[in-house]
Amino acid sequence: MLTSLQNPLVKEIRKLHSTKERHRQQQFLLEGTHLLEEACAVNYPLAVVCCTPEWQAHHTSLWEVACSRCDRAEIVTPEVLGAIATTVQPDGVVATARRGKILTQVPFSGVVLALETIQDPGNLGTIIRTAAAAGASGLWLSQDSVDLDNPKVLRASAGQWFRLATAVSEDLPATVQLCQAQGMQIVATLPTATSTYWEVDWKKPSLILLGNEGAGLSANLAAMADQQVKIPLSPGVESLNVAIAAALMLYEAQRQLGEKGLGA
């Protein structure tokens, strides 16, 4: 059992709280039972799994599966677990996993999101969760956004991070052009647009452009859209949270597509 906060493994895992270290080690944190269950369900390769004796006693099957999927498994004290977790009250298990091991390609069909310069990990995780729930085909993220594998993103996704095809675009305008060339209609949300989002024919393969929480969508990206639409707001309300905007459009698309679903 690992009991010391000075243990080399404990120190290395604690470093993963930092973006710089996640990039350097090419690993990220999975915190909590639900995320570990989802990782194991899709056979995501794990590096290290740490849990308390109490957690192990209550999750023997999951522990056995996790041990078979990881390079190293350790029982640790609650104090050590608290130190390696980013959450205030961890539920007893923390794992590390290798970055970039989901090779699912974002398709050029159904409804796909393209997010520009999203900074809030809670927003990104919520968008991923909503997109998976609504049956979206996938999600593109600009390189200057918050990391896809930020711990808060994973937690806010409620495990759907492992279920949705996602990718980071090094050049989002080029990615949008590629989607356009593949026959997708490009839909941008702008407060100045005259059409509303429910006037879009969502039965066509569609790429939804959504911008930064404060600045919105860049003029360069907005100009690439085949359709510019607005979400009507009451007087005095300037904007909606980007995750709410994504949800409204995804579920309007789902409504129009009916039983076929967004991935059709």
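In what sense do S1 and S4 pair, and over how many bridges? S1 and S4 run antiparallel, with 5 bridges between them (two strands pair if DSSP finds at least two bridges). Leu30, for one, has Ala95 in S4 as its bridge partner. Before going on, keep in mind that this is a predicted model, where local features need pLDDT of at least 70, side-chain atom pairs count only at pLDDT 80 or more, and totals for chains, interfaces and linings use all residues. Residues are numbered from 1 along each chain as its sequence is written, and side-chain values use heavy atoms, leaving out hydrogens and water.

Let's stay with S1. 5 of its 5 residues are buried, so S1 is largely enclosed by the rest of the structure (buried means under 20% relative accessible area with a 1.4 Å probe, protein chains only). Gln27, Leu29 and Glu31 point one way from the strand, while Phe28 and Leu30 point the other way.

Now move along to helix H3, residues 33–41 (helices are DSSP runs of H or I with at least four residues, strands are E runs of at least two, and both are numbered from the N terminus). Its buried residues include Thr33, Leu35 and Leu36. The buried residues of H3 pack against several elements, among them S1 (27–31), S4 (93–98) and helix H8 (151–156); contact here means heavy atoms within 4.5 Å. Just after H3, Asn43 takes a positive phi of about 60°.

Notes: Buried < 20%, exposed > 50% of the residue type's maximum accessible area, 1.4 Å probe, protein only.
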